[in-house]
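Student: I would like a close look at one part of this model. Please take the aromatic rings and walk me through them.

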Amino acid sequence: MLFITNKYLKPGMILAKDIILYNSSNFNSLLLTKGQVLNNTFINRINYHGIEGAYIESEAFADIEVDSYINDALKAKSLKTVKDVYYELKMSSGKVHATAIRQLSGIVNSLITEILYKDDLTYNLVDFKNYDNYTYQHCLNVATLAISTGISLGLGESMLHDLGMAGLLHDIGKMMIPLEILNKPDKLTDEEFEIIKTHPVNAVTLLKDLVPFSVLSGIQSHHEKLDGTGYPYGIAGDNIHYYGRVLAVCDVYDALTSDRSYRMTSFPSEVIEYVMGCVDKHFDYEILKSFLKVIVAYPIGTFVRLSDKRIAVVVKNNSENIMRPVVRIVNNDGTVGEDVDLLYDKKHMNITITDMAYDYDGAGLEAALKSTYDLKLKY
């Protein structure tokens, strides 16, 4: 299968994976099913819901399989529970009930069980973007990334649970911030940003006596930076709670790879370069090393451009170095060439990935794409 961005989806292409929409009214809506032949109506539906693209069948890449990081039922249940908790808070004038915390705790336990027993602990970013409410999806994403990073760090289940709870609740303090500030599409004024910066402290006010002190400390410190330039208190180094240091990198990664009203999304590889550039200034080095083992710079099934101008498709990621996956070369005539392991193949040590090849007008790409929507003629 290949991941094709919505701009380049064509009638006749065949879906290689279900498209599930997680929206505010239906948390597990099957939009289109695997095996469906796309037409203009279906493509318009994908665009309408803001879905970035779809996995498409391709004979040359039939060996590529992309599994969901979290099963659809658990994802839907998690999003609904987070929404219910946040909605209840909004409707009850700033009170969180112990019942809601117990529900979230159950979700975290399920997430830990699901992630602990995965054979492949690499987080598929594409799998987490088919949702129309940033707040709830972001909370789930941060919790999932935090749990995965915690597993990579070798943390026990009790600590993983606290990390997951902190992830799900890290932005709950934003519910006390006026919507006109929270959803402002333009740059915030200094005064408005000062209000935004209160949300970690707001969360502690809402959650005290409901969650352990370690969870509160992680939430309160998830915007602190190692060099002391963060907020709300400007603390530095080891004075920042361990959970806060984990959440910091997870929060920034998901925020920057998400499309927002005031900022376009960045490619995972760009965000990874950013966080690596901030190591020991904003982010803890040891935590960042473990975080980088569970994410991918270039999702499987996506096109990339190499430094020698060739186009390739990512077929496997190397956890030892996420910037150097195994790729399959796409020839100028659209045929498929060799697989190249950019990490271990000595002949290609001088080759790097320069960017995601989402501009499909390059040499060989049109022919490669045409082979996907000609597939229906072979069935």
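How many aromatic pairs does a search of the whole structure find?

Tutor: The model is predicted. Searching the whole structure gives four aromatic pairs. Two of them are described here.

Take phenylalanine 3 and tyrosine 55. Their rings sit 5.2 Å apart, centre to centre. Phenylalanine 3 belongs to strand 1 (residues 2–5), and tyrosine 55 to strand 4 (residues 53–56). The two are 52 residues apart in sequence, so the pair ties those parts together. Both phenylalanine 3 and tyrosine 55 are buried.

Now phenylalanine 193 and tyrosine 231. This pair is edge-to-face too, with 5.9 Å between centres and 85° between planes. It links distant parts of the chain, 38 residues apart. Phenylalanine 193 is in helix 7 (residues 190–196). Tyrosine 231 is in the loop between helix 9 (213–220) and helix 10 (242–256). Phenylalanine 193 has a relative accessible area of 37%, so it is partly exposed. Tyrosine 231 has 11%, so it counts as buried.

One more tyrosine deserves a look, this time for its side-chain contact. Tyrosine 69 and serine 148 are joined through their side chains by a polar contact of 2.7 Å. Serine 148 lies in helix 4 (residues 134–153). Its relative accessibility is 0%, so serine 148 is buried.

Methods
Residues are numbered from 1 along each chain as its sequence is written. This is a predicted model: local features need pLDDT of at least 70, side-chain atom pairs count only at pLDDT 80 or more; totals for chains, interfaces and linings use all residues. Side-chain values use heavy atoms; hydrogens and water are left out. Helices (H or I, at least four residues) and strands (E, at least two) are DSSP runs, numbered from the N terminus. Buried means under 20% relative accessible area, exposed over 50%, partly exposed in between (1.4 Å probe, protein chains only). A polar contact is a pair of N or O atoms within 3.5 Å; within protein, one must be able to donate a hydrogen and the other to accept it, and residues adjacent in sequence count only if both atoms are side-chain atoms. Rings of Phe, Tyr and Trp (its six-membered ring) pair if their centres lie within 6.5 Å; planes under 30 degrees apart count as stacked, over 60 as edge-to-face and the rest as tilted.
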